[in-house]
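Hi,

Here's the structure I promised to pass on. Have a look through it first, and then read my notes below.

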Amino acid sequence: MFPGTHVYIVNKALGKRGVLFDLGTFIPDIASGTSRTFKVTHSKADEFRAYLEKKAPTFVDLADGIKTHIVVDELGDEHYRGGKGYAFQYVDKDLIDLVVKGCGIKRPEARKVAHNFPEFGIEYLVNSQHQGVLTQIKKALTSSQLQEVCEHYTAFYGGNSNVLYLELEVFSNILTENNLTTVKGLANLWKLINFARYKVIPDGDIVRQLILTSKSRVMSTYNDFLQSAIDEVKKTLK
Ligand SMILES: [Zn+2]
């Protein structure tokens with residue numbers, strides 16, 4: 001899921017827990033890529049918490065935030081109500097065809113890439129109805145503790161803390177320059193992700209179509225998904 005969705009779910013499950021927690025709820029996706037794989041950034045939250053308890057106890061909220069991210073992604077990507085992950089339940093041939101055509105992704109990988117669009121559908125619905133989540137994310141990204149967060153994070157998960165700082169700064173700028181409560185703003189975000197990951201500039205019209213189509217598909221069930229994620233987060237972090 002995307003950052004607004006993660007922050008919304010955690011707000012509902014646990015109340016607002018502050019900037020360190022908020023950073024944890026979306027840092028795994030931003031930290032994935034150049035320096036660390038998705039598998040690395042989406043694991044070991046408990047070990048990271050234990051590490052912080054020893055080295056920097058005032059930062060443990062960061063690890064708890066990461067833990068909620070992993071719990072929510074598990075429902076979105078892997079298993080939801082006895083089936084595959086929620087986002088994958090909305091991926092079909094039509095969506096994959098559009099991803100191949102519009103994003104320049106080859107077919108074997110396009111199915112996985114396509115699951116981002118049901119996630120964008122939810123992100124659009126959440127961000128446009130709860131504008132406060134984006135302000136909350138922006139606040140976390142401009143926190144005076146950001147440098148230290150990057151140092152602790154990279155000391156445990158690997159990579160260079162200055163590079164991670166820059167990656168977070170880039171994301172903060174994207175947030176300032178694009179209105180992520182709109183389809184246009186979210187499509188721009190996808191264009192940047194698509195280019196960073198696959199070195200292809202996607203077709204803007206098709207990306208907007210992918211987001212709008214996906215939004216219609218998730219419309220009648222996304223609230224159930226959000227509630228399941230809220231319940232799961234509550235269970236995991238009391
Ligand atoms: Zn993730």
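Which residues in H9 meet which residues in H11? Keep in mind that this is a predicted model. On the H9 side you'll find Leu-134, Ile-137, Lys-138 and Leu-141, and they meet Leu-168, Phe-171, Ser-172 and Leu-175 of H11. Sorted by type, the residues of this contact are six nonpolar, one polar and one charged.

How do the two helices sit against each other? A pair of packed helices is described by the angle between the axes and the distance between them. Here, the axes of H9 (residues 132–141) and H11 (residues 161–177) come within 10 Å and cross at roughly 145°. The crossing is left-handed.

Now stay with H9 for a moment. Val-133, Gln-136, Ile-137, Ala-140 and Leu-141 are its buried residues. Looking down the axis of H9, these fall within an arc of 135°, so they line one face of the helix.

Finally, the core. The largest nonpolar core has 65 residues, and the ones touching the most other members are Ile-9, Leu-62, Val-99, Leu-186 and Ile-211. Helix H2 (residues 19–31) gives this core its largest share, seven residues.

Cheers

Note on methods: Residues are numbered from 1 along each chain as its sequence is written. This is a predicted model: local features need pLDDT of at least 70, side-chain atom pairs count only at pLDDT 80 or more; totals for chains, interfaces and linings use all residues. A nonpolar core is a set of buried Ala, Val, Leu, Ile, Met, Phe, Trp, Tyr and Cys residues joined through C-beta atoms within 7 Å. A residue is buried if 20 or more other C-beta atoms lie within 10 Å of its own, exposed if 12 or fewer, and partly exposed in between; C-beta atoms are placed from the backbone. Helices (H or I, at least four residues) and strands (E, at least two) are DSSP runs, numbered from the N terminus. Axes are lines fitted to C-alpha atoms, for helices over the stretch in contact, and angles run from 0 to 180 degrees between N-to-C directions. A crossing is left-handed if the near helix is turned anticlockwise from the far one by less than a right angle, and right-handed if clockwise. Two residues are in contact if their C-beta atoms, placed from the backbone, lie within 7 Å. Ala, Val, Leu, Ile, Met, Phe, Trp, Tyr, Cys and Pro count as nonpolar, Asp, Glu, Lys and Arg as charged, and the others, Gly among them, as polar. The arc is that of the directions from the helix axis to the C-beta atoms.
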